[in-house]
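Subject: Structure handover

Hello,

Here is the structure you asked about. My notes follow below it.

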Amino acid sequence: MSRYWSDIVHRLTPYVPGEQPALAHPVKLNTNENPYPPSPRVLEAIRQALGDTAESLRRYPDPTARKLRETVAAYHGIQAEQVFAGNGSDEVLAFTFQALLKHDKPLLFPDITYSFYPTYARHFEVGYQTVALDDTFAINVDDYASPNGGVLFPNPNAPTGRPLPLADIERLVSRNTDSVVVIDEAYVDFGAESAIALIDRYPNLLVVQTVSKSRSLAGMRVGFAFGNRELIDALNRVKDSFNSYPLDRLAQAAVIAAYEDDAWFHDNCAKVIASRKRLAAGLTALGFEVVPSAANLLFARHEGYDAATLAGRLREKEIFVRHFNAPRIDQHLRISVGTDAECDMLVDTLRDIFSAYVG
């Protein structure tokens, strides 16, 4: 049926998401989901939004997600007009590529980063150049000084987990006033510092976040952009030319409730951070080199064992981690931080694999 495809479809290389195993009890450490549930207030908010008869589902949701944006804006100490809401941060990023990053000069992003970036660039026909991370997988903002149509990277970066100090981000934004700098903060709540504090000072800064990770709501698909009202207006113009009702009623109610339970949010983040440190120590004791991480993941390699083989042998034990067959990182595994019990099972299984390993 490919003869019916549009020309661009032939040229696309789609993003490949992490595997969602159809098993009863997998140890799922491959998609960076939060191992802990969302606040109990989330379920109660969904029940209330449904009501006794689910009559509300007959009607369209608020197309502007006004109450949700007001809640999130108040949480961050900004105005609702500085907040854009979409179906997960991936949709927010897609609108950002169309609205703010498609220019004559190339978009700049790291050579090792979220693999959706080159996918979106090709899909929206945005010219781009990659900027090499250094030998420790760190971003150097001075490497982004060349003329550009925008700068984009996660903080902490993915799949490495390495954070960038806020002062470095501010230095980049202040030097790059002719284009938009987009900071993708999917993992920021696990140990990095958000750049939202800078948006009132820099009209060229857009910060993107998600509720999928730290607020345990990957299944609700809600993300945000924070920035100058002019940038947010550009995103709304794209949204309203594509899908004017992006967020359903239940998603809006759920995320409002999640933001209102700050204690649950902070407790979950603290548990993940503690488990990350514990898992890093366990992997190091097995001989892994572990990249310093401020995300809910670890990026690690072992000189004595092939990464793809290890991923395969773990899969045989129903333990799932992520392996990227890509330059510079094909000997690394990206490991999501699970519960302590899941992390212990991973370390114990690796120890057993090493003891019986045949290279």
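Helices (H or I, at least four residues) and strands (E, at least two) are DSSP runs, numbered from the N terminus.

Before the rest, the basis. This is a predicted model, in which local features need pLDDT of at least 70 and side-chain atom pairs count only at pLDDT 80 or more, while totals for chains, interfaces and linings use all residues. Residues are numbered from 1 along each chain as its sequence is written, and side-chain values use heavy atoms, with hydrogens and water left out.

Helix α4

Of the 13 residues of α4, 11 are buried, so this helix is largely enclosed by the rest of the structure. Buried means under 20% relative accessible area, exposed means over 50%, and partly exposed is in between (1.4 Å probe, protein chains only). Among the buried residues of α4 are Asp-90, Glu-91, Phe-95 and Phe-97.

The largest pocket

α4 also gives the most to the lining of the largest pocket, with four residues. β3 (107–110), β4 (128–131) and β12 (322–323) each supply at least two residues of that lining. The volume of the largest pocket is about 860 Å³. Of its 42 lining residues, Tyr-15, Tyr-114, Ser-115, Arg-322 and Arg-334 are the closest to the centre.

Pockets and cavities were found on a 1 Å grid over the protein atoms alone: a cavity is a set of points where a 1.4 Å probe fits but cannot get out, a pocket is an open set with protein on both sides within 12 Å along at least five of seven lines, and lining residues have an atom within 4 Å of a point. Grid points are joined across faces, edges and corners, and a volume is the space filled by probe spheres set on the points.

Helix α8 (residues 249–260) has 12 residues and reaches 17 Å from its first C-alpha to its last, close to the expected 16 Å. Here 10 of the 12 residues are buried, so α8 too is largely enclosed by the rest of the structure. Its buried residues include Gln-252, Ala-258 and Tyr-259. The elements that cover them include α2 (40–50), α3 (66–76), β7 (205–210), β8 (223–227) and α9 (262–285). At the N-terminal end, Asp-248 caps α8, with a side-chain oxygen 2.9 Å from the backbone nitrogen of Leu-250.

The structure holds one cavity of 30 Å³ or more. The largest cavity has a volume of about 70 Å³, and its lining includes Pro-37, Arg-215, Ala-258 and Trp-264. α9 gives the most to this lining, with three residues. Ala-281 is also found in α9 and is partly exposed, with a relative accessible area of 48%.

Cysteines

How many disulfides does the structure hold? Zero, with a disulfide taken as a pair of cysteine sulfur atoms within 2.5 Å. The sulfur of Cys-269 is 16 Å from the closest cysteine sulfur, in Cys-343, which is too far for a bond. Cys-269 is buried, with a relative accessible area of 5%, and Cys-343 is buried at 3%.

Regards

Notes
Expected span 1.5 Å × (residues − 1). Contact = heavy atoms within 4.5 Å. Polar contact = N/O pair within 3.5 Å; in protein donor to acceptor, adjacent residues only side chain to side chain.
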